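I want to see who pairs with whom, and where.

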Amino acid sequence: MKFALSSAVDLFPPYFPRALHREVLQILPTMAEPESKTPAEGEEEVEEVESGDEQADDDAQTANALSTMMQNPHVLAAIQDKLGSIVGTPSGYIQSLPKVVKRRLKALKKLQFDVVKLESEFYKEVHSLECKYASKYVSLFDKRKDILNGITEPTDEESDWPSEDEKDDEELAEDMKNKAKVEDEKKEEDKKEEESDAKGVPHFWLTVFKNVDMLSEMVQDQDEPILQHLQDIKVKFSESEPMGFTLEFYFEANEYFTETVLTKQYTMRFEPDTQDPLAYEGPEIIKCQGCNITWNKGKNVTVKVVKKKQKHKGRGTTRTVTKTVQNDSFFNFFNPPSVPEGEEADMDEDLEALLAADFEIGHFIRERIVPRAVLYFTGEALENDEYEEENEEEHDEEGDYNEDDDPDFNPQGEGGKPAECKQQ
């Protein structure tokens, strides 16, 4: 039995690239077609002429056979091996273009490089503007720090902001007026006394960290008592080389370490990469540097002591060996891995993933957490983040494969004319 390409093509799912149909179908006959029998001596080959109905039956049998074979794990493994050698291979369309067209493409790429250089200058101007306005935010963020830590109490005018909770409280208070008792008044007085004892907004930054998934994964149980001493986080921008920003974490005096300020510096590159300039998508973090933490004795949460028993092979005696190993902790954030220097420096996948995650966290703290801290404390910013993530996921699902984005896609490659554009 031979496989008819025309009927078999319909078996592929719509998302399967059409350019790979023929490659897959070329594998199947060699795996499924039985060995053909050669006619014996003296026998004549007779060409059978099939009627239209017989041809339709053969097509149906072909489709059923192909469908069955596609469920065979050995066939699927062979297809996967073949596809592995095809993926990433250019279709040859660009290479087949005339020299004069290739010359024009080179001119277009050079123009694109000019666009990239202009884009780089734009982002440098944005960074300069960011540095300029950073000084204007200082007084606002200092006032926020004072309120959080109970240094100052906001006035009635400063506290005049609409709140859904207050509306609910007013409605509840109206209902409770009809059921007021002496005991309720006493409870109200006790509540006021408790509120008067509260200083600022307790555990503000710890709550922010625990509300954000990206940060809560870093915070361990042993970190929480320390982060309760965190009073403020600031961002300092550097306009001179090396350009970038520094995160500053301010702690009150505590029993865990001697420093009151822990820092994390991020170096950014605004120019395109010399190795691949046309891949430029804006400034990127290329390096980060933490700081030393002077831990008090027995308070270092970034390490733990592990005890192991070892048995002597000859004497059979055992001994206990203690070993200090790294422990999961938020404070490992201040001891990041170093980026290999030099053009020939190799970076393994684990290190690359670790640095990428670190850069993402630093950028998120700078871009979202510090400017909108109160909204992450209340959870209002989390709703907006979830909405943005849903939109991104929907966009990714819709754009799995687009022939227009394929530089090697040949509109005439399927042997037909381009589809007509229909307006609705």
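I started with K124 and E121, whose side chains meet in a salt bridge at 4.0 Å, N to O (a side-chain nitrogen of Lys or Arg within 4 Å of a carboxyl oxygen of Asp or Glu). The model is predicted, so local features need pLDDT of at least 70 and side-chain atom pairs pLDDT 80 or more, while totals for chains, interfaces and linings use all residues. Numbering runs from 1 along each chain as its sequence is written, and side-chain values use heavy atoms, with hydrogens and water left out.

K124 and E121 are 3 residues apart in helix α5 (residues 99-148), about one helical turn (helices are DSSP runs of H or I, at least four residues, and strands are runs of E, at least two, numbered from the N terminus). I looked up E271 too: E121, K124 and E271 are linked in a network of salt bridges.

Next I checked cover. K124 is partly exposed at 21% relative accessibility, and E121 is partly exposed at 44% (buried is under 20% relative accessible area, exposed over 50%, partly exposed in between, with a 1.4 Å probe and protein chains only).

Then I went to D358 and K264, which form a salt bridge at 2.9 Å, N to O. D358 sits in helix α11 and K264 in strand β3 (residues 261-269), so the pair ties together parts 94 residues apart in sequence. D358 is buried at 9%, and K264 is buried at 0%.

Last pair: R269 bridges to E284, with the closest N and O atoms 2.3 Å apart. My search of the whole structure gave 12 salt bridges.
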